[in-house]
Amino acid sequence: MDTSKRAKVLIQAMPYIKKYVGETIVVKYGGNAMINEDLKSAVMSDLVLMQLVGINVVLVHGGGPEINAMLDAVGKESRFENGMRVTDKETIDIVQMVLAGKVNKSLVQLLESHGGKALGFCGLDGRLLMAEKLISSVDLGYVGEIKEVNPAPLNNAMQNGYIPIVATVAGGYDGNVYNINADLAAAQIAAKLGAKKLILMTDIRGLLRDVKDDDSLISVVNVSEVPMLKRDGIIKGGMIPKIDCCVEAVRNGVNRAHIIDGRLEHSILLELFSDEGIGTMFY
């Protein structure tokens, strides 16, 4: 890129930086961006840059592949029903160990190696996430439904210059620990914090009119259009819960929610600081 093009990129970013200074943005981190080392590095750089220009950043993560690997290591089969992990007593112990321990602390260390300041949390810390057992047609065991979000630990961290990194296990009112869907947790955390944006990182470009055609991306969706898009079969399968999270976030006060392609390096910055943006925006 020549000098003039570099300057244009910086100038284009300026109004967006002004727009987001002092605002909170919640990023749900997952998919390929959490596995590929180059993508992991790009995400951490994006988050540090966002913080440096005055944005309050919260990173919410899952860790499905790491959980599967640990279950395999102890000889326990991974079971899913309707896309959700069946979580018995032994499995929730492993989920807590992997998410709140290995994955969370590895992300803290990685972000700090890129020049940021991070604090690791899980839902058990400061009663950050309180949950009850999720009631569904199939007994999923220790899978929870969030009933309460306490934003104080996250706000305290951000006010002191840290990026909170949140592992999605929650405390139960019954004293148990519950496994929480990371998209749902990110949506509820964003709403409770009054976030300007919720960004869900995925392994697809966004909402496609035709799943076989990457060029059929739908860039902007009003949440009132979602039922029609479901009836027309455009929103289906694994996209339904992700988009439902975006709808919930917007209807609970989040200004914009985005589904972006985490396979693209610096996808967060491209969404935030360019005129074109990427992915699908819900408002």
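The lining of the second largest pocket divides into 8 nonpolar, 6 polar and 9 charged residues (Ala, Val, Leu, Ile, Met, Phe, Trp, Tyr, Cys and Pro count as nonpolar, Asp, Glu, Lys and Arg as charged, the others, Gly among them, as polar). The model is predicted: local features need pLDDT of at least 70, side-chain atom pairs count only at pLDDT 80 or more, and totals for chains, interfaces and linings use all residues. Residues are numbered from 1 along each chain as its sequence is written, and side-chain values use heavy atoms, without hydrogens and water.

The second largest pocket holds about 380 Å³ of space. A pocket is an open set of points on a 1 Å grid over the protein atoms alone, where a 1.4 Å probe fits, with protein on both sides within 12 Å along at least five of seven lines; lining residues have an atom within 4 Å of a point. Volume is the space filled by probe spheres set on the points, which are joined across faces, edges and corners. H258, E271, E276, G277 and I278 are the closest to its centre, of 23 lining residues. α1 (3-20), β13 (256-261) and α9 (267-273) each supply at least two of the lining residues. Helices (H or I, at least four residues) and strands (E, at least two) are DSSP runs, numbered from the N terminus.

The largest pocket has a volume of about 1000 Å³. Its lining comprises 37 residues, with G83, I180, N181, A182 and D183 nearest the centre. The division is 15 nonpolar, 14 polar and 8 charged.
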